[in-house]
Amino acid sequence: MCEDLGFDKLLGEEGFFARLLGRAPSGAGRDPLYGPDLPVVLLTGGPGMGKGRLLRAVRDRFAAKVPLIHLDCASPVYEDRADPEPGARSATTEALVEVARRLCTWQGTGGSFAFPRLFTGLAMIATGVAEGTPEAVATEAERYEDLAQKQRLRGLGVGDFWRGVLRGTIRNLLTTLGQALDPYSAAVSNALLDALFEGLAPRGRAELGRIYGAYPGAAGQPRIGLRILAADFRAGGEAREVAESFLFRALREDLEAAYAAPIGWLRRVGRPGLLLDHAESPLGEQLLRAVLTDRRGGQRDRVVIVGTARRPDGGAFLHGGLPPEEVTPPAEYRPADGPPPAWSRRTDESADRAPLADGVLLLRMPLLAGDQLRRETVRRQQRAEPEGGSNRRRIDAAVARLSGGRPHTVIRLAEAAAAFRMPADANDRDILDAPLRLPGDGTLERPVADVLLRELILDQLPVRLPAEHHDHWLDLLTHLSVAHDTECADVLLRHHQRGHVHHLTAHHVARLLTDTGWPTCERHFIGDFGLRQLLVHRLYGLRPDGAAWYADHHLLRDHYARRAVGEAGGRGSGASSGGASGGAALGGGVPGGGAPGGEPPGDGAPGVGVLGGAASSGGASSGGPSDHGALRGGEPGEGAVRGGVPDGGVPDGEASRQADPGEGAPGAGAWRAGSSPGGASGGAGAWGDGAARGDGAPHGGSLRQGVPGDGPPGTGASHTGASRTGAPRTGASPGGVWGGGGTWGSGAPGDGAFRSLTAHRMNHHLVSGGVDDVVTHLAATLPGRPREWCAELLEIAQAPYPGGADARRERAQGLVPVDGPPLRRTVDQLLHAVWLCEERTRPTGKETARTLAKLLDLLSIMDFEGAGLLSRTATDWSGLAENEQPLLRCTCTEQLRRRR
């Protein structure tokens, strides 16, 4: 793996780290950045952004020039070392000991370091050993004696902290007094203190008085401070954390003293550094909290602390429990924006109460730019092609979209695609099946998708994910790849956690994803485009023929059908001329949710309305198995909802403009009251969502249409709603139109990702076998409301395509025979063209742009109300498609455009 890929501006001779450490990789001096008060630098970015890779590159480039220690805070080795003596050791103390030992052997400019201040504290907590005898305490304290003094010759100590050679003196004193001391008594601690202070030189005595006399409760008395430190450590919990944090301060004091002393001032260069990988772990967070608290309180040292942070805000602990909307963002540095920003801590009267984030500089890990990405894919080719070859361009585009510029994903995909041949019209996800063998791994080749899921998900589980959920975390995320918002996610989570004692909710999962560093999106629960494609790919392959894929989509489709019927009944609009209430089945008159045509009923609860299952007469479907297949209703117990048009509904052969007296203007797309002999609710909006019409004006209100937004259809006025985490969001309002009551289209209440239940239900129906039903719905609801209709079309069509043969391009071009009148056939073609554009995993370009323009222009000259407004939409959409831009923007489609 290319360790420094994308880090040129950070690692160079004049780069950020050369100035932060005061030394270039060549050894040349550099004017130090910041100081004497230093920020803690946190590398922020989710999995695969290269935080650990950058820390290793900094270590490799600079460790020979300045004392620099790389510490993996997630390593279990520190816990393992502490286990034999839990009363005298902890993961934190073992990590501090490792840092000190490595610096004791550093051979660069200025020589090795000694840690007498740290050693004194470690020796005192040694009194917590299990046996408690003088012999056991002496043995434990001897583990740290090599930290106390620098050694030039065997047995010869140098320095003026101690009066002579310290090695062996503690054991000698404790064993001499051992016969007279009771185990676990204060006399053992007193004897140890005597041994330590007896060996101190005047300067050492003054230093211990200054440091340990400042321990909480010591009142300036170092002996008392050391006793309290040992007692706090033995007490565990928060008291132990106080003691551990103080020991970290002692280590930094030792480093500062080595630089500030006259000989250090003459011989030492640059700044020492501590690189904390996986600093979001409990150990890393504790070390960061300790140094940030000390520096907020006025303690100053020249130790450069660089840690990693998955969350974009650096970590919740930095912000003192404040809600996100009240958080003041820390200073940040984006390498693509130019030189590092100025940084200083607040100095007003509230400085000592400021959040810890006040002492942080966030370094945003850079995404790879397009040229960097292309160089990486070309570099890894096994069989070179002529520059500009179609396969090369196709692979470059697929890697760019699936990675979003995330460096680790780029590297893995480029490596897997080295010998991969990709047809020009292939889906980007096809590359996920390319085989990959990891360097040094003797196992068989594995699909690159499996490698990435292992590295990005399983190897980087959320720190706060309960252990009982570790084994099925990947499976849960896989099913959640089809969810749009928290309601979707909760439906899926309840279903797939049945039988589990402990359940995660959508709120829990959203918080864990945020803590892990994955971005949010207002239209997708899994807010990272590339991760979502990996999970969608896995979902389709979980069971033969995409059974798990269809089951999850059917589950969500059924949920929104039941919700729509329930709300229709609650508004009193459920009574139909056939006598079926809002709680009755809308399945062609089959009671209890049964399916027409003699099919077995679904598994939904009796009386819960479901939509009939037959596909409409619109011709071939490109959406996968129809609902008459084996996967009618998803998983057992979730009910089958089929989405077909009930007999007697709007026929395909008309323009679907059945005007109903007293129910708005002709062309509103309303179902004629009582038109369904099977008992579909009269006056309800299309597909039984309970609205009076498809125009956002329920129950006899005036038709609302054509309200101009702030921009063209597809990029119009902003809107707000619920995001994955429940926070308000803003984004582009497709079509720029607000419907009545804050929704558009059906008039039914919307949710976080959609503004109508109809659109949400149709989105899941589209990708699970209901293409023709969706076309029928769109053809029925277009006349009279073109702006709202365009917005609904975009929301329905922003969906992934299931595996298998893909005939969307042919169907968009009219090469697949479709029955029906011109309006329906044109809508069918347009749906498939928009679907191609909105999935974002196939090339579109000029050909699709011309198809969009042609189809929208055809609709604009048809004889229905508002048709002419589609002419402008044709111009707008074709321009976006030609430049590979999304028609419906959201946060994760914007990720595809960012390379910084």
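The model is predicted: local features need pLDDT of at least 70, side-chain atom pairs count only at pLDDT 80 or more, and totals for chains, interfaces and linings use all residues. Residues are numbered from 1 along each chain as its sequence is written, and side-chain values use heavy atoms, with hydrogens and water left out.

Helices first. Helices (H or I, at least four residues) and strands (E, at least two) are DSSP runs, numbered from the N terminus. Take α16, residues 370–379, and α17, residues 390–403. Their axes come within 10 Å and cross at roughly 125 degrees. Axes here are lines fitted to C-alpha atoms, for helices over the stretch in contact, and angles run from 0 to 180 degrees between N-to-C directions. So α16 is oblique to α17. Angles under 35 degrees count as roughly parallel, over 145 as roughly antiparallel, 65 to 115 as roughly perpendicular and the rest as oblique.

Which residues of α16 and α17 make the contact? On α16, they are L373, R374, T377 and V378. On α17, they are R392, D396, V399, A400 and S403. Contact means heavy atoms within 4.5 Å.

Now the aromatics. Rings of Phe, Tyr and Trp (its six-membered ring) pair if their centres lie within 6.5 Å; planes under 30 degrees apart count as stacked, over 60 as edge-to-face and the rest as tilted. The whole structure has twelve such pairs. Here are two of them.

Start with F16 and Y333. Their ring centres are 5.2 Å apart and their planes sit at 35 degrees, so the pair is tilted. F16 lies in helix α2 (residues 16–21), and Y333 in strand β7 (residues 331–333), 317 residues apart. Are these residues buried or exposed? F16 is buried at 2% relative accessibility. Y333 is buried too, at 4%. Buried means under 20% relative accessible area, exposed over 50%, partly exposed in between (1.4 Å probe, protein chains only). F16, F17 and Y333 form one aromatic cluster.

Next, F119 and W162. The centres are 6.2 Å apart and the planes at 80 degrees, so this pair is edge-to-face. F119 is in helix α6 (residues 116–125), while W162 is in the loop between β4 (156–158) and α9 (169–177). F119 is buried at 0%, and W162 is buried at 5%.

Last, D8. It belongs to helix α1, residues 8–11. D8 is exposed, with a relative accessible area of 58%. D8 and P335 are 327 residues apart in sequence, yet 9.6 Å apart in space, C-alpha to C-alpha.
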